[in-house]
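User: I'm new to reading protein models. Could you walk me through a few features, one at a time?

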Amino acid sequence: MAFPARSLRTLACLAFSLAAAVTAKEYSNVADLPLSTYDFVIVGGGNAGLVVANRLTENPAWSVLVIEAGPSNLGILNEEVPALAGPLFAATSPYTWKYTVIPQENADNRQPGIPRGKMLGGSTAINEMWYTRGSAEDFDRFAAVTGDKGWGWDEMLPYFFKNERWTEPADKHNTTGQYDPAAHGTDGITAVSLPGYPWPIFDLVMETAASMPDEFPFVLDYNAGKPIGLGWTQTTINGGFRHSSAQSYLADQYISRPNLHVLVTAQVSRVLPASKGSTHFTKVEFSQDFETLHTVTATKEIILSAGSLATPQILLQSGIGNSTTLKRIGITPLVNLPAVGQNMTEQPLVSNSWFANTTQSYESYNLNATQMQIDLALWNETHTGPLVSSSGAQVAFLRLPEDSPILSTFSDPAAGPETPHIELEFTAGIGLVTPVPAGGGHFISVQAAVVSCASRGTVTLNETDPSPWNLPVIDTGLFREEFDFQTMVYAVKQIFKFLASPVWDGYLMQPLDALAPALESDAGLEAYIRSNVINNQHPVGTAGMSPKGASWGVTDPDLLLKKATGIRVIDSSVLPYVVSGHTMAATYAFAERGSDLVKATWAHH
Ligand SMILES: Cc1cc2nc3c(=O)[nH]c(=O)nc-3n(C[C@H](O)[C@H](O)[C@H](O)COP(=O)(O)OP(=O)(O)OC[C@H]3O[C@@H](n4cnc5c(N)ncnc54)[C@H](O)[C@@H]3O)c2cc1C
Ligand SMILES: *[C@@H]1O[C@H](CO)[C@@H](O)[C@H](O)[C@H]1NC(C)=O
Ligand SMILES: *[C@@H]1O[C@H](CO)[C@@H](O)[C@H](O)[C@H]1NC(C)=O
Ligand SMILES: *[C@@H]1O[C@H](CO)[C@@H](O)[C@H](O)[C@H]1NC(C)=O
Ligand SMILES: *[C@@H]1O[C@H](CO)[C@@H](O)[C@H](O)[C@H]1NC(C)=O
Ligand SMILES: *[C@@H]1O[C@H](CO)[C@@H](O)[C@H](O)[C@H]1NC(C)=O
Ligand SMILES: *[C@@H]1O[C@H](CO)[C@@H](O)[C@H](O)[C@H]1NC(C)=O
Ligand SMILES: *[C@@H]1O[C@H](CO)[C@@H](O)[C@H](O)[C@H]1NC(C)=O
């Protein structure tokens, strides 16, 4: 995640101009659904789920049903205008799950939020759209840890390309020298582009980096396998429009396929076996009113694509998990897979803000209703202007120095020597999670994330009320491992060093009150980090892959659930480690390969 400056705090009236649109092939009432048996039933129409729905329906002989808990994405202005994502993932959004995180003991017992998208497109409909694949070593580690070469970087590149359609930025500026064309696909489905509006900090960031090349080397393209360095951010933006998985993989030419049905506002509670006591799963149970239960049958496979928080919850509710725990809370255990919901990796993030001596920042429209109207009209007419961009336009992926005492004290969670430990995100505005000081102003913020982190968290059922309609208990494990905390301290210090460059004289003003003590002493910095750390919104690993036959893990390298048949998991929960960046691009590529694995299984059936 990258927190932008566009919560529209003063402009609530603009948010959610809903047309409640449903296309012909989307069903909002189960009674209208033409079939009750499909070849494939996909649970969750999000990032991964819609890729699988699209690819499987390329075969006209296969019928596919997607069951999505949220509504259609159509007719929601905020889901189209890139800069208006804030209200979509704010605590008050009608388009997120209301998950809470248990008090984080290494973060002053605070409970940082963990929203997930709840509409077609899933989290790609509400996220910040940063397109970062991770390092080649991240993927080579997936191959090594699962024993399946197919998850390695060279083998996965074609799947990144299959997903990606490199696209001109909204302002059509000359992008020579801002990316490596050889690293990108041009005829895929989801648009990826460079920043489409120039904020003044872009030049200052580049100038600073150029003056400190040892610590902040330029990287032409962080998506080419070796991300270390500072470069231009790529986002899934299509000529000024957000390109969610619903906007791309469910575009008219796909949703109109007669073999694809999409049921919205239907929440899945469980997967059910073919018969009592069987470990062959064929049925999906769901409800639209949280009372009446319905089931549909999948004759070939149930595909779980509900995301890294809901997929383990559905498995656990179905009796698939740690049998001892399930029995204790009154759920009949069907498959003993103790790793379900364990091993979650979530990255910590700290957003740091200063006043800026400028009249051009996200605050220009964020805090000025007149300016917002002007900018929105411009977006509407020409699909250009400040609303075409996501937060921030430059990013640095960096490593701890080789001689860092952190590396000699702790084992290194990074996948290899060309994999970053930290990420710094430069934003022309205040962070969304940071309250605007009374009196307003203009700001600059730089977010620090530990992208190769060691801590592990969990998703478990609520033991006092494990009902399917209750939310699971989520522990993101922030700073559970000291490596993550000390690395965050290093990361924030690197931001201070960067902004201390004379390049920022006359632009960078005083820090926000909360940040000020962090600049005074190490103790101040450490206290500040614990009281400001939040989730980076990249949890993975809760249904992690392991080698076939391994006693640990949840899924085999072909993404089939272990110790059962009929269920495949295709979403971010299968990544056994978090990639050293944001998680959407990897989820797209995993879903593309996952679709091919399904096709291979059923090629002759
Ligand atoms: C606010 C925010 C900002 C982010 N920013 C970025 C970014 O800039 N770049 C990046 O790479 N990543 C970002 N991410 C992370 C990224 O979006 C996710 O990791 C990724 O999209 C997850 O994909 P998924 O398919 O696993 O799950 P999702 O895309 O979340 O899809 C899961 C779908 O399943 C549905 N579902 C869940 N439970 C049920 C149920 N019981 N029944 C029916 N349907 C159900 C959900 O409603 C949802 O549509 C961000 C995430 C958030 C929340
Ligand atoms: C874009 O910039 C590059 C170098 O910066 C230059 O060589 C090229 O001619 C430019 N292209 C266009 C279309 O102006
Ligand atoms: C299953 O959960 C119980 C606690 O309910 C725990 O003691 C046990 O170690 C877990 N089993 C595994 C294999 O993790
Ligand atoms: C808000 O924006 C309008 C239009 O650009 C501008 O005229 C006005 O001065 C701005 N108001 C403030 C308080 O900055
Ligand atoms: C965009 O323009 C159209 C037609 O000019 C208008 O109907 C619509 O309300 C405008 N939308 C916004 C968000 O301004
Ligand atoms: C468990 O569910 C109950 C009932 O909804 C709720 O009051 C409680 O806070 C939940 N516990 C946790 C840890 O989320
Ligand atoms: C703010 O910037 C202007 C020029 O853009 C400069 O003249 C002025 O001195 C700056 N103010 C401070 C306090 O640095
Ligand atoms: C968590 O993952 C690691 C490797 O990725 C593995 O060694 C460990 O056994 C896993 N734990 C569980 C509970 O699956």
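User: Let's start with strands. Which residue in β3 is the bridge partner of phenylalanine 40?

Analyst: Keep in mind that this is a predicted model. For strands, look at who pairs with whom. Here, the partner of phenylalanine 40 is valine 64 in β3.

User: Are the residues on the two faces of β3 buried or exposed?

Analyst: With a strand, check each side in turn. In β3 (residues 64–67), Val64 and Val66 sit on one side, Leu65 and Ile67 on the other, and all of them are buried.

User: Okay, now a single residue. Why is serine 305 called buried?

Analyst: You compare its relative accessible area with a cut-off: buried means under 20%. Serine 305 has 6%, so it counts as buried. You'll find it in the loop between β12 (293–304) and α8 (307–317).

User: What does the side chain of serine 305 reach?

Analyst: That would be the backbone oxygen of isoleucine 570, at 2.9 Å. Beyond its neighbours within four places in sequence, serine 305 also has contacts that include Ile42, Val43, Gly44 and Asp571.

User: And ligands? Which residues surround ligand 8?

Analyst: List the shell, then look for polar partners. Ala339, Asn343, Trp552, Gly553 and Tyr577 surround ligand 8. By type, that shell is 3 nonpolar, 2 polar and no charged. A polar side-chain atom of asparagine 343 is 2.3 Å from an oxygen atom of the ligand, and for a side-chain N or O atom of tyrosine 577 the distance to a ligand 8 oxygen is 3.4 Å.

User: How much of ligand 8 does the protein bury?

Analyst: Taken alone, ligand 8 exposes 360 Å², and the protein buries 63% of that.

Note on methods
Residues numbered from 1 in each chain as written. Chains lettered and ligands numbered in written order. Predicted model: local features only at pLDDT ≥ 70, side-chain atom pairs only at ≥ 80, totals over all residues. Heavy atoms only, no water. Helix = DSSP H or I, 4+ residues; strand = E, 2+ residues; numbered from the N terminus. Buried < 20%, exposed > 50% of the residue type's maximum accessible area, 1.4 Å probe, protein only. Polar contact = N/O pair within 3.5 Å; in protein donor to acceptor, adjacent residues only side chain to side chain. Contact = heavy atoms within 4.5 Å. Near = heavy atom within 4 Å. Areas by Shrake-Rupley, 256 points an atom, 1.4 Å probe, with all protein chains shown as cover. Nonpolar A, V, L, I, M, F, W, Y, C, P; charged D, E, K, R; others polar. Pairing = 2+ DSSP bridges.
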